[in-house]
Amino acid sequence: MAYVSAMRCRSCGREYTVQAINVCDFCFGPLEIVYDYDAIARVISKERIKSGPLTLWRYADLLPVDSTDAVDIGAGFTPLIRAKNLAKYLGLNNLYIKNDAVNPSYSFKDRVVTVATTKALEFGFNTLACASTGNLACSVAAHAARAGMKSVVFIPGDLEQGKVIGAAIYGPTLVAVDGSYDEVNRLCSEVADNYPWAFVNINIRPFYAEGSKTMGYEVAEQLGWRAPDHCVVPSASGSMFTKIWKGLHEFESLGLIGKVQTHMHLTQAEGCSPIVEAYTAGRTHVRPVRPNTIAKSLAIGNPADGVYALRVIQESSGTATAVLEEEVVEGIKLLAEMEGIFTETAGGVVVSGLKRLAQQHAIKPDDLTVAFITGNGLKTQEAVAGVVKPLVVKPNLEAFESALHARA
Ligand SMILES: *Cc1c(COP(=O)(O)O)cnc(C)c1O
Ligand SMILES: [Zn+2]
């Protein structure tokens with residue numbers, strides 16, 4: 001069972017019974033889930049979590065759905081890898097990669113979608129939908145297939161092939177919109193008002209967003225039940241960034257880890273960095289921008305959780321960093337060549353952002369640091385196609401050796 005008592009407006013605090021809505025009728029503020037933490041505290045323990053499944057459903061007590069009928073294709077409990085080579089290159093001694101590129105549909109979005117899909121079924125919906133920058137479309141289509149639901153996924157028309165095909169293969173109605181993500185999102189809000197569909201990131205958003213907390217839980221558990229000193233995180237709407245922080249704090253208040261003293265570092269690509277711009281200018285509100293970046297999964301010009309992300313930066317004494325567009329590809333190559341992990345453009349943003357933080361001594365050499373790699377490089381091959389330079393040879397030793405020498 002779920003330990004949820006209500007939904008509450010993050011702006012005015014008004015409470016609602018649990019239903020498929022995402023904004024307050026009164027002030028249009030976003031709604032969030034209210035838990036009965038006393039009840040959770042009575043059942044939860046490290047042993048109970050450790051004996052759970054090797055997916056994010058091991059944290060079911062802290063998720064807003066009934067997990068007995070979870071729509072589960074294996075999201076979560078991804079590897080946390082000690083990155084010795086990259087650490088050495090950056091002058092660090094204590095660096096980990098949280099590799100969410102290996103989720104079932106190859107991005108962290110499977111965390112939020114497994115929770116949202118389970119809730120959508122509980123609510124009785126039979127069609128799952130989303131407004132996506134790419135990875136969400138793949139995950140929604142995959143989970144809908146598993147759940148036996150129909151799906152309708154909306155994407156901007158200029159996405160990478162790996163994401164278009166990576167969604168289409170599961171058989172959704174795939175709608176490529178001639179416009180930016182922000183225009184896709186506006187269209188979807190209208191569609192959501194007119195069709196009885198579960199839009200995971202619109203009317204189901206309060207439930208969806210909770211799935212991201214499991215990133216925080218897992219890192220804490222995998223580090224031996226403690227919070228890291230630094231998290232370096234990519235950001236689009238800002239939601240995941242705030243939920244990693246929330247997850248760590250829930251573990252602290254339940255006594256599963258000690259005091260959280262984590263600094264939260266947000267990263268974006270220069271071509272779409274509205275949250276970084278607000279942070280740098282010392283503003284508490286985000287001004288929308290028109291995205292122009294190769295990091296398409298992060299290309300949200302008007303981030304819904306931007307204000308809350310800025311608060312987390314402040315509360316955690318964190319930072320926000322924008323990396324140059326050319327640094328995105330450098331970051332992808334660096335992680336691949338140093339650690340054998342092929343990430344997408346969002347991961348390139350994180351690795352280059354991490355490099356800057358190390359150079360600026362915002363991260364000290366011995367600090368326990370986790371870089372969050374949230375998507376798979378096979379989905380954004382266009383970004384790095386320039387690295388393909390095979391030796392082309394006739395099938396004999398002489399031809400091979402002369403090509404090898406020519407290359408050297
Ligand atoms: C969606 C996404 C994010 C960030 O999502 P938020 O909207 O900030 O929660 C990060 N990385 C990848 C690869 C994504 O697809
Ligand atoms: Zn309100």
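Which hand does the crossing of H5 and H6 have, left-handed or right-handed?

Author: The model is predicted, so local features are given only at pLDDT of at least 70 and side-chain atom pairs only at 80 or more, while totals for chains, interfaces and linings use all residues. Residues are numbered from 1 along each chain as written, chains are lettered from A and ligands numbered from 1 in written order, and side-chain values use heavy atoms, without hydrogens or water.

The crossing of H5 and H6 is left-handed, a term for a near helix turned anticlockwise from the far one by less than a right angle, clockwise being right-handed. Helix H5 spans residues 135-147 and helix H6 residues 161-168 (helices are DSSP runs of H or I, at least four residues, numbered from the N terminus). Their axes lie 8 Å apart at an angle of about 15° (axes are lines fitted to C-alpha atoms over the stretch in contact, with angles from 0 to 180 degrees between N-to-C directions). H5 and H6 therefore count as roughly parallel (under 35 degrees; over 145 is roughly antiparallel, 65 to 115 roughly perpendicular, and the rest oblique).

Helix H10, residues 239-253, packs against helix H9, residues 213-222, at about 50° with the axes 6 Å apart, and H9 and H10 are therefore oblique to each other. H10 also packs against helix H12, residues 306-315, at about 45° and with 8 Å between the axes, which makes H10 oblique to H12. The crossing of H9 and H10 is right-handed, whereas that of H10 and H12 is left-handed.

An N or O atom in the side chain of asparagine 135 is 2.9 Å from an oxygen atom of ligand 1. From the backbone, an N or O atom of methionine 240 lies 2.9 Å from a ligand oxygen, and one of glycine 238 lies 3.0 Å from a ligand oxygen.

Terms used: Polar contact = N/O pair within 3.5 Å; in protein donor to acceptor, adjacent residues only side chain to side chain. Helix = DSSP H or I, 4+ residues; strand = E, 2+ residues; numbered from the N terminus.
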